[in-house]
Every structure is written in structure tokens, then in C-alpha cells.
There are 2 protein chains.
Amino acid sequence: MSNLIEGNAVIGQSGGPTAVINQSLVGVVEGLLAEGAGRPGNPIKRILGMRHGVRGLTHDQLIDLTDKDQATLNAVARTPSAGLGSTRDKPDAEYCSRIFHACEKHDIRYFFYIGGNDSSDTCRIVNELANEAGYELRCFHVPKTVDNDLPINDHTPGYPSAARYVATAFMADNLDNASIPGIKINVIMGRHAGFLAAAAALARTAPGAEPEDGPHLVCLPEVPFDLDAFVEKVAEVYDRLGRCQIAVSEGIQDRDGQAIGAMLIQGEKDAHGNVQLSGSGALGDQLARILKERLKPAAGKPPRVRADTFGYLQRCWPDPSPVDSEEARRAGRYAGVLAASGDVDGSVAILRTGRGTGGEDYRSELERIELSDVAAKTKHMDPSFILDDFDVSSDFIDYARPLIGELPTFGRL
Amino acid sequence: MSNLIEGNAVIGQSGGPTAVINQSLVGVVEGLLAEGAGRPGNPIKRILGMRHGVRGLTHDQLIDLTDKDQATLNAVARTPSAGLGSTRDKPDAEYCSRIFHACEKHDIRYFFYIGGNDSSDTCRIVNELANEAGYELRCFHVPKTVDNDLPINDHTPGYPSAARYVATAFMADNLDNASIPGIKINVIMGRHAGFLAAAAALARTAPGAEPEDGPHLVCLPEVPFDLDAFVEKVAEVYDRLGRCQIAVSEGIQDRDGQAIGAMLIQGEKDAHGNVQLSGSGALGDQLARILKERLKPAAGKPPRVRADTFGYLQRCWPDPSPVDSEEARRAGRYAGVLAASGDVDGSVAILRTGRGTGGEDYRSELERIELSDVAAKTKHMDPSFILDDFDVSSDFIDYARPLIGELPTFGRL
């Protein structure tokens with residue numbers, strides 16, 4: 001450890017929170033403490049937390065996490081949403097100079113940022129500007145995103161818990177839809193990648209599931225959305241079963257890459273230029289209206305069509321996947337230990353080493369990757385995960401099922 | 001039992017399903033079986049189930065429940081949504097004559113209907129028309145509604161579980177909102193009564209809750225909705241805390257009793273003349289748009305405003321309140337036993353006999369009430385449950401808290 005710079009560590013959380021982002025926060029603290037941080041003679045002096053990410057750091061809003069007792073850490077780890085507060089700020093060069101200033105002022109030499117694509121990009125920019133400024137700062141990114149769209153990672157902490165919520169919701173809503181038949185649209189988070197919408201299909205793998213259970217259509221951003229084909233497919237299912245349950249990603253787009261949701265919503269844009277897709281029921285409501293109009297019989301009433309937009313509960317529901325909780329904690333610890341290991345920076349990636357299907361136990365390992373490997377890059381659903389325009393493949397089921405934990409067992413008459 | 005008519009029993013489920021409506025279904029079966037139904041010599045011969053309520057009954061869609069094994073019954077009881085299927089049909093005189101015909105055809109003399117206001121009214125009409133037609137039929141209503149708006153009942157099976165979902169959702173969403181501050185609207189089910197929206201306030205009673213936790217406003221149908229006062233109150237909270245979490249009932253109305261939601265939605269009406277309020281995000285989206293416009297500062301960006309509409313998951317989420325599960329089962333059993341007790345009909349009401357607060361254990365008892373006492377009547381929030389235009393009172397908290405079971409414990413930094 002002789003080559004470690006003396007100074008403090010700081011940890012921040014950024015972007016949309018998840019059910020397990022606090023596991024990673026606590027994991028980093030535990031990893032640093034395990035390496036002796038805070039003890040006399042250790043080069044890593046104090047472990048600080050940024051309130052609301054780099055926004056708090058640049059406004060001297062820091063709290064000391066070094067001496068938190070284990071009971072508090074455990075309780076925080078089990079709690080959804082960002083315990084330190086989060087931010088959507090994306091630092092430019094001027095913002096980054098303020099970050100250096102804050103780091104100098106608070107003697108920070110170890111910078112941990114837990115977040116998704118945008119957050120890893122923030123981490124990369126801070127790291128590069130620190131290098132250019134000659135300020136020795138070691139930056140570590142810990143992955144997090146319910147969208148599951150970070151490259152190299154088999155999957156991303158936060159995704160399994162959100163997928164668990166979506167699968168459970170589709171199981172229950174499928175029975176609700178069977179109980180009072182009609183057409184039901186559920187809109188699911190996921191700006192560019194369909195992993196979370198695809199998780200709806202896991203409802204069909206629950207113990208006691210029956211062949212006619214939904215979802216009957218799964219609409220992903222990776223498959224160009226053709227409205228005519230959509231209406232035709234819904235009509236076919238509705239004619240056959242008298243009902244139809246539909247999973248729609250908020251990020252569905254047409255052949256030209258135009259987001260269907262954005263075309264329907266006069267939305268605001270955030271600091272990253274993203275149009276607001278979540279926090280509005282417009283996409284579901286518009287699709288419901290279109291189905292009602294186009295499936296209206298020549299005589300009689302149109303079919304009963306309803307739309308729910310699952311919204312923010314997908315990312316904060318307090319019933320996380322056990323695999324997700326454990327991996328998020330382990331990824332944080334890995335970054336903390338990595339920081340103490342020498343002259344290094346980087347991001348932590350989750351690799352699958354046991355498939356969790358076909359008799360093989362699920363297992364994962366962590367490894368260090370370059371910040372530039374992950375920063376601002378987006379992964380999409382692999383083509384092998386897509387069965388056809390309106391469903392996922394068994395490969396996807398094999399991929400996602402081991403991640404989300406047990407689903408409830410329903411009884412039927 | 002000598003005065004019991006010989007014949008079969010039939011059980012139906014009607015209206016919006018809940019997380020515990022199958023507990024009541026199984027309870028009726030168990031109550032009848034406990035009284036010897038189906039055994040040689042017992043006047044109650046077979047226990048039948050209507051597929052999709054009176055719609056199934058009048059189309060000969062019945063299944064025999066007499067010989068279901070206890071493991072199946074237990075599994076069904078634990079499963080949300082109506083296991084037999086539900087319906088929103090409201091029988092008129094002609095429909096009722098078809099019900100009699102079906103009852104005669106299937107030798108039905110005991111008619112159980114599990115549902116809310118509309119369902120109890122169906123029960124009453126069927127009962128009256130049976131009397132008029134000289135067909136001896138004994139009708140029993142078992143209460144169910146997440147709206148909690150049946151008279152006489154302290155509360156209604158289905159409500160505690162939906163309230164549990166809403167309270168848990170507000171706890172998690174409050175942390176999400178604190179994590180990325182802004183204004184967050186959550187729209188909650190409840191056409192005329194605010195009990196379910198009021199349950200959002202239970203989030204503030206969870207272990208470890210802090211004084212600044214949301215919801216910061218609770219908007220109920222019982223309090224005339226004044227848009228100016230609403231905007232002013234949101235602005236006050238937002239100025240003070242930098243964020244604001246809002247619970248809005250889908251049934252909020254203005255001083256003239258005009259539903260705010262219905263004014264914003266070009267909705268369809270169901271067979272009962274009710275405008276569709278659930279299954280659309282329009283109310284939340286419109287309120288979000290108004291807040292964004294009216295709270296826009298003279299210079300700079302409008303506040304971040306998001307709206308989620310909790311939708312059908314409120315009534316079917318598979319994590320019911322233990323009190324609710326037990327009471328729903330017991331109410332069903334009570335009706336089954338009642339039917340075998342002699343020349344009687346009626347509805348089952350839940351009365352509270354132990355407050356569940358101030359050191360007194362929670363307890364409830366059941367009693368028979370007249371069908372006409374409950375049919376098509378609506379209960380509203382008692383004025384003592386309302387603190388002011390935008391919050392509930394401690395009396396409401398004392399009323400509702402014992403019903404919903406344990407809430408998660410969150411840790412804070």
C-alpha cells in the first residue's frame with residue numbers, strides 16, 4: 001500500500017435510484033474499512049458521502065461515513081432509493097473544475113460514483129480532467145441501472161429487483177385481467193433497452209403458470225414498432241382468448257428510431273438531452289385510445305381497454321431480488337478494496353460464471369474494467385433474446401430467471 | 001336444519017377483484033362444508049361456483065367446488081383476483097328472470113355473491129325478484145371493496161391490503177422523491193370515498209419515519225378540490241422542503257360535485273353509469289401540467305413534476321394484509337354457516353371490537369345485517385378523519401393503522 005496517496009475518499013450516488021443502490025454505497029464503505037481506511041497510519045483517512053452527487057460535493061454538502069455502526073449500515077443497505085441523495089447533473093469542464101476545487105478543499109483522493117451510463121461518463125470526465133489538471137485523483141465507477149444497459153456487464157445491479165417487481169406485477173395483473181376480461185396495456189421503464197419490459201415475460205415462468213397466461217405481447221425498443229402489426233396481433237389474441245395483456249416499453253420506437261412515446265408527449269428534456277418518458281401516462285393512454293378505436297366492432301361496444309404505467313415504483317419497491325442485493329453489496333466492496341490495492345482506477349463489471357439454468361447453479365464474479373469501456377455506452381437486448389416482433393425467446397428467460405428470486409405461487413380452480 | 005330447503009349452493013364474485021376476494025370464496029365453501037353440505041342427507045347438496053358471476057350462471061358456466069381438496073382451497077385463497085372470474089353486469093328484471101331460470105335448472109337454493117356496493121345491490125334485486133316469483137332462494141352478500149365504502153362495516157375486506165400497497169408505495173416513493181427532489185403526484189383508486197388515498201398517510205407512521213417524510217398533501221373526494229388552494233399549498237411545501245409528494249384520489253371533485261378526473265377524461269361509462277377513472281393516467285398528467293405551468297419561476301426552469309397513477313396493482317398486489325386475509329376468510333365462512341342456520345338471508349358486516357391502538361389489541365366480530373342496509377349505499381370518510389383540506393387526522397391513522405400489517409423499516413444516514 002506504499003504507493004497509495006494520502007487523503008480522503010468520497011462516495012456519490014447519481015441518476016435514477018434503485019432498490020439496491022444503497023447496498024453498493026454500504027459495500028464501498030465496508031470495502032474501504034476492511035482495508036483499514038480511517039485507522040491511524042492508513043493512507044485513506046476519512047470516508048465521506050456526497051449529498052446529491054457532484055452537486056453536493058461542489059456545495060460542501062458532505063457527511064462522514066467512517067464511523068457509522070454496522071447496524072446503521074445494514075439498515076441503510078436494505079433501504080431503497082439513494083440514501084445520500086442523487087442528482088442528474090452532468091459535469092462539463094467548468095463543473096469539473098469546481099469538483100477538483102472541492103476535492104482539494106476536502107483532501108479527496110478517492111472518488112467513487114455509483115450510477116448508470118451517464119454516471120460512468122461523469123466519472124470518466126472527472127478522471128480525465130483530474131489527470132489534465134495534474135491533480136492525483138482515483139475514480140471508481142460502481143454500476144447501477146434498472147435499464148440493464150451497461151456494456152460488458154452480464155447484468156447491472158438494480159435491474160434484477162426492478163425485473164422482480166415487473167414480473168410480479170404481470171402475474172397479479174394477468175389474474176386481474178382474466179377476472180374481468182379486456183385488453184390491458186402496462187407501460188414499463190427502459191429508455192433504449194428492453195430488458196425491463198422483457199422481464200414481464202418472466203411472469204409466465206412462475207410456479208403454476210398456465211399456457212394462456214400473459215403477457216401476450218411484449219413490445220421492446222429493439223424491435224421497430226409497427227402500429228398496424230400491433231393492432232392485428234392484439235386483435236388475434238383478443239379473438240382467441242377474449243382478453244389480452246400487453247407489456248410495452250416506454251422506449252418503443254418506429255423504423256426511423258423515433259420514440260413513439262416522445263411523439264405523443266410534449267415532454268421536457270433533462271440535462272442529458274433526454275425527453276421525459278417516465279412519470280406520465282401518455283404513451284399507455286394513447287395506445288389504449290388507438291386500440292379502442294381500431295378494434296371497435298361494426299355493431300356494439302368497443303372492447304374494454306385499460307392502460308397502467310408502472311412508473312417509479314419499479315425502481316424503488318422494497319422487495320428486492322436477493323441475488324441483486326448481494327451483488328450490489330459485493331460490487332461496492334470490490335470497488336473499495338480495489339481503491340486500496342494501488343495505482344488503479346476503473347469500473348466494476350459483473351460477469352456470470354454459473355448459468356443458473358439446466359442444472360447449473362447461478363454464480364457471478366466481479367472484475368475491473370476501464371472507465372472508457374463503460375462510459376456513456378448503451379447495451380441493447382441481444383437478438384438471441386428476441387423470439388419475434390412481440391415476444392422474447394427462451395434464451396432471455398434462461399438469462400433473466402435466475403436473477404429475480406422466487407415468485408409467488410398462485411392457485412387456480 | 002329441518003327448515004332448510006333442499007338444493008345446491010352457488011357462489012359468485014362480482015365487481016373489481018381484490019387481493020383477498022378468494023379468501024372469502026374459500027371461506028364460503030369451508031363454512032358450507034363445515035355444516036355438512038355435500039354429505040348424504042344434508043339439504044345442501046352441491047357447492048357450485050359461477051364463472052364470471054351472474055353472467056356465467058346464466059350461461060351454465062358453473063364449476064363444482066364441493067370436493068376440492070384443502071390444499072387447492074388454501075392455494076386459491078392466497079391468490080389475488082377473482083378465482084372464479086368476475087363481472088360488472090348489473091341484472092335488471094329481465095336479467096334476473098334468466099338468473100331464476102338458471103337457478104331452477106341447476107336446483108340452486110343458496111346464492112352467495114361476494115362484492116361491493118353494486119354487487120350487494122345485485123344480490124338484493126335477485127332476492128326480491130325471487131320472492132316475487134315465488135322461487136325460494138336465499139341470498140347472501142359477502143362484502144368486498146378496496147374503496148372501503150360499504151355502510152355499517154368498520155371496514156371492508158380488500159381495503160386493508162390495498163391500503164398496505166398504497167402505504168408501502170408512498171414510503172418507497174417518498175425516498176425516491178427525496179433522492180431526486182421535485183414534485184411528485186401519485187393518483188390512487190377510489191371513486192367516491194377517500195379511504196384508499198388517505199392510506200398514503202400511513203407511510204408517515206412507519207418505523208423510522210422522519211418529520212419531513214411525505215405525503216405532504218392528501219387530496220380526498222370528501223374535500224372539495226380547489227385548484228388555486230392546491231397550487232398554493234404545493235408551492236408552500238416545495239419552497240420549504242425543495243420537494244413535495246402528493247396523494248390524489250382519482251375521485252376528487254369540485255364544490256359542485258363534478259369529478260375533476262371526469263372533466264379531464266373523455267371517458268367511457270360502464271353498465272352502472274360510472275365514468276372510467278382507473279386505467280388512465282390523464283388526471284395525474286393534467287395536474288402535473290398545471291403545476292409545472294403555475295409554479296414556473298419568472299426566470300429559469302419550471303420545477304420537476306412527475307405523476308404516477310398506481311392503477312390496478314393496488315387491488316391485486318400479492319402481499320396482502322394478514323388482518324385482511326383472515327377477516328375475508330372469516331366473513332366467507334360466516335356466510336356459509338349462516339346459510340345453513342335456517343330461514344335467513346342477508347349480508348355480513350365487520351364490526352371492530354378492539355381498537356388496535358392505545359394499548360388495546362385489534363379485534364373484529366362479524367354480524368348479519370339486512371341486504372337493504374348495504375345495497376347500493378356508499379360510505380364516505382367521517383369528518384373526524386379529515387384534519388384539513390390537504391391532510392387526514394390522527395383519528396384516521398388510529399383507525400387504519402391496525403388493519404394493514406407491518407410496514408418495512410427503512411434506514412437513514
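**Entry 1: terms and ground rules**

Two strands pair if DSSP finds at least two bridges between them. I take helices (H or I, at least four residues) and strands (E, at least two) as DSSP runs, numbered from the N terminus. I am working on a predicted model, in which local features need pLDDT of at least 70, side-chain atom pairs count only at pLDDT 80 or more, and totals for chains, interfaces and linings use all residues. Residues are numbered from 1 along each chain as its sequence is written, with chains lettered from A and ligands numbered from 1 in the order in which they are written.

**Entry 2**

I looked up β4 (residues 108-115) and β5 (residues 138-143) of chain B. They pair in the parallel sense over six bridges. Y113(B) stands opposite H141(B) in β5(B).

I then listed the whole sheet. It is open, has seven strands and mixed pairing, and runs β3-β2-β1-β4-β5-β10-β11 in chain B. β3 (62-64) and β11 (362-369) of chain B are at the edges with a single partner strand each, so one side of each has no neighbour in the sheet. From one strand to the next the twist averages 25 degrees. For angles, axes are lines fitted to C-alpha atoms, for helices over the stretch in contact, and values run from 0 to 180 degrees between N-to-C directions.

Next I checked β1 (7-13) of chain B. Buried stands for 20 or more other C-beta atoms within 10 Å of a residue's own, exposed for 12 or fewer, and partly exposed for values in between, with C-beta atoms placed from the backbone. β1(B) pairs with β2 (residues 44-50) of chain B in the parallel sense over four bridges.

Helix α5 (residues 117-133) of chain B lies across β4, β5 and β10 (346-355) of chain B, at about 160 degrees to β4(B). Helix α12 (residues 322-339) of chain B also packs on the sheet and touches β1, β4, β5, β10 and β11 of chain B. The direction of α12(B) makes about 170 degrees with that of β5(B). For such touching, two residues are in contact if their C-beta atoms, placed from the backbone, lie within 7 Å.

**Entry 3: the four-stranded sheet of chain A**

I turned to chain A. Four strands form an open, parallel sheet in the order β7-β8-β6-β9. β7 (217-219) and β9 of chain A are the edges, each with a single partner strand, so one side of each is left without a neighbour in the sheet. Neighbouring strands are turned by 15 degrees against each other on average, direction ignored. β7(A) pairs with β8 (residues 244-249) of chain A in the parallel sense over three bridges. There, V218(A) stands opposite A247(A) in β8(A).

I found two helices packed here. α6(A) touches β6 (183-188) and β8 of chain A, and its direction makes about 165 degrees with that of β6(A). Helix α8 (residues 227-241) of chain A touches β6, β7 and β8 of chain A, and its direction makes about 155 degrees with that of β8(A).

**Entry 4: α1 against α3 in chain A**

I checked the axes of helix α1 (residues 21-34) of chain A and α3(A). They come within 7 Å and cross at roughly 150 degrees. The two helices are therefore roughly antiparallel to each other. N22(A), Q23(A), V26(A) and V29(A) of α1(A) make the contact with L73(A), V76(A) and A77(A) of α3(A). These residues divide into five nonpolar, two polar and no charged. Ala, Val, Leu, Ile, Met, Phe, Trp, Tyr, Cys and Pro count as nonpolar, Asp, Glu, Lys and Arg as charged, and the others, Gly among them, as polar.

**Entry 5: P40(A)**

I located P40(A) in the loop between α1 and β2 (44-50) of chain A. P40(A) is exposed, with 6 other C-beta atoms within 10 Å. P40(A) and A102(A) are 62 residues apart in sequence and 24 Å apart in space, C-alpha to C-alpha.

**Entry 6: the two chains together**

I finished with the interface. 47 residues of chain A are in contact with 47 residues of chain B. On the chain A side, α3 (70-77), α6 (159-179), α10 (282-294), β9 (305-309) and α11 (313-316) each supply at least two residues. α6(A) gives the largest share, eight residues. The side of chain A that touches chain B divides into 22 nonpolar, 17 polar and eight charged residues.

How are the copies related? A rotation of 180 degrees with 0.0 Å of shift along its axis superposes chain A on chain B, at RMSD 0.0 Å. The two copies are thus related as by a two-fold rotation axis. The superposition is by least squares on the C-alpha atoms of residues with pLDDT of at least 70 in both copies. Of the residues of chain A, G281(A) comes closest to the rotation axis, at 2.1 Å (C-alpha). I also noted that 100% of the interface residues of chain A are interface residues in chain B too, so the copies meet through the same surface.

Key
Angles under 35 degrees count as roughly parallel, over 145 as roughly antiparallel, 65 to 115 as roughly perpendicular and the rest as oblique.
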